[in-house]
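Please keep the sequence and the 3D view at hand while reading.

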Amino acid sequence: MIKAPSEVKDMADAVNLDALMMREQFDSEDGAAAGQSGKNHVGKTDLTKGESFYMTLRKPDFQRETAAWSPDAVCRFLASFIDGDLIPAVICWQSASRLTFVIDGAHRLSAVIGWLLDDYGAGDESIKFYNNRIPLNQRVIHEKTKAQVDKEIGSYKDIMAETQNPNSNPKLSARARSLGNATIPLLWVPGNDSEKAERAFLTINQSAVEIDPTEFTILNSRSKPNAISSRAIVRNGTGYRYWKGFSIGGQHKVESTGKSIYSALYSPPLDPPIRTTDLPIAGHGYGSQTLPLIFDFVNIANNIPVVDTSKKSKRSFEVIKEEPNEEATISCLAKTQKMTHKLTGTDPASLGLHPAVYFYAPNSRHQPTTVLAIAAFLKELETKNLFLKFTEVRATFETFLIEHKMYVNQLTIKHGSMAKGFRSIKDLYMFVFERLMEGDSPEKIEEGLRNHDKFQTLVKERPILTKQSKEFSRAVKDTIVISDVLANASLCDLCHARIDLKSIHVDHIQDRSKGGLGTADNARLLHPYCDSTYKYYLEKKGKGLST
């Protein structure tokens, strides 16, 4: 028997087939007609759009995205299907309304549907499903998969052309003959209890393929505001609408806010190698780290404890009956947007953090753990009302971070990435900031770190590029580019820290109320926060007034 392909290890290379099979709730589908058996196998005709079986196909609404196979895995399975190899059965359950819910095998069916539709994440169905807001990397994987399938197997269109004109393409002749008999076996879960069917789905999927711990947590909290908010952000306000039960206004608010946050964090799309000064805060908008990063970011923004889910020794799926709460979800998204505005953009509260300073390593690799660390750091500054104090020392703080970027790498290696390690990096930021407030020099701060239990193993070092070559390696090029970005970044005229291009305010040096003109020699570049708050703080200090 040919095994179903296993998951791709790097989800940035995963083919997104999620748009090709509808989702549906089945928590109210009990009835005498539920749990009956259907056909024993399905072929290409059954999986063709518009055919009766295809029209009944559904995935449970809580199922994770059908986006875990690589282009190689899709090709291998399609070859097995068309060539008539023995493949694992797809397990289904029939609801009382005669819908066919796929308990196990959504990737298998979707791979065939994708082939029939020529859609591997950016075809017509996917474009419609995602409202034409498809991440760049998803489009790239679509094209890569399409090219590989067309080369190794043949497109459905080409094979059908061969059936109409036999032997016109000898390479496809055998597969054209086999396709008519190609089928996928089906097995049916008996019983009319939808909760038992849901447990069967969850049990089968957990035992078959290990689910990412954070995704496991989201599945178990799928009706909660933080889970819905995370889905809305990660999918740019598109995809399956977990908020479809909200009012029309509520649905629009969720989608527009999710889109706004996604754009702020992931625009422009990260397309290595980096050759631009305009870098996205959160790195790649499509990949294995995207959902865990956003879920924990949402939790930090909403003061929800971030749990290292990988440390949970016992995990069990729960059948969720809780209805999504519109007001709580919109509030959750609003707090997440407020945190996002602190990081980037032109909102008056924006610190306009330069991504190259905070979120990229010396070799230009994005560091997702620092996104969580900075969010937690800003939360602490907010709680202690320290934003003005931070702005006073911000330029020195950022210079220290740039000159000690390897500290972040070392802490990540020691403690782990994402939820495992962001607190140690946040603590480093807070230690450096507090010492700067006390007036310590960078050398004194280094000494303090060496004498601190948490940080005494940190070593100030630079990446050593040992391989000698007449050609510049990608590592050398990336290191030079990020160094150049940092060296040539614009500076805020008030706090003198680097300023991101997406977060520039142009301010009058002499205020308009005092006759200042809108001329180039009366203009200065400021962070939004410096423009809206810090400059007035400085004015008060200059006049000897208390703040």
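The model is predicted.

**Ring pairs**

A pair of aromatic rings is described by the distance of the centres and the angle of the planes. The structure holds 18 aromatic pairs. Two of these are set out in the table.

| Pair | Distance of centres | Angle of planes | Class |
|---|---|---|---|
| Tyr358 and Phe359 | 6.0 Å | 45° | tilted |
| Tyr534 and Tyr537 | 5.8 Å | 25° | stacked |

Why is the pair of Tyr358 and Phe359 tilted? Planes under 30 degrees apart count as stacked and planes over 60 as edge-to-face, with the rest being tilted. The planes of Tyr358 and Phe359 stand at 45°, so this pair is tilted. For Tyr534 and Tyr537 the angle is 25°, so that pair is stacked.

Are Tyr358 and Phe359 buried or exposed? Residues under 20% relative accessible area count as buried. Tyr358 has 3% relative accessibility, so this residue is buried. Phe359 has 0% and is therefore buried.

The other pair belongs to a helix. Tyr534 and Tyr537 are three residues apart in helix 21, which covers residues 528–542, so about one helical turn separates them. Tyr534 is buried, its relative accessible area being 6%. Tyr537, with a relative accessibility of 9%, also counts as buried.

Aromatic residues can also be grouped. One aromatic cluster is formed by Phe377, Phe390, Phe397, Tyr429 and Phe433.

**A charge over a ring**

Which residue lies over the face of Phe387? That residue is Lys342, at 4.0 Å from the ring centre.

**Cavities**

Rolling a probe the size of a water molecule over the atoms shows where empty space is left. When the whole structure is searched, two cavities of 30 Å³ or more are found. The largest cavity holds about 100 Å³ of space.

How many residues line the largest cavity? The lining has 13 residues, and those nearest the centre of the cavity are Val357, Leu401, Lys405, Val408 and Tyr429. Tyr429 is also one of the members of the aromatic cluster.

Four helices each supply at least two residues of this lining: helix 14 (355–358), helix 16 (387–403), helix 17 (406–415) and helix 18 (422–437). Helix 18 gives the largest share, three residues. By type, the lining of the largest cavity consists of nine nonpolar residues, three polar ones and one charged.

How values were computed:
Residues numbered from 1 in each chain as written. Predicted model: local features only at pLDDT ≥ 70, side-chain atom pairs only at ≥ 80, totals over all residues. Heavy atoms only, no water. Phe/Tyr/Trp six-rings, centres within 6.5 Å; stacked < 30°, edge-to-face > 60°. Buried < 20%, exposed > 50% of the residue type's maximum accessible area, 1.4 Å probe, protein only. Lys NZ or Arg CZ within 6 Å of the ring centre and 35° of its normal. 1 Å grid on protein atoms, 1.4 Å probe; cavity = no way out; pocket = protein on both sides within 12 Å on 5 of 7 lines; lining within 4 Å. Points joined across faces, edges and corners; volume = space filled by probe spheres on them. Nonpolar A, V, L, I, M, F, W, Y, C, P; charged D, E, K, R; others polar.
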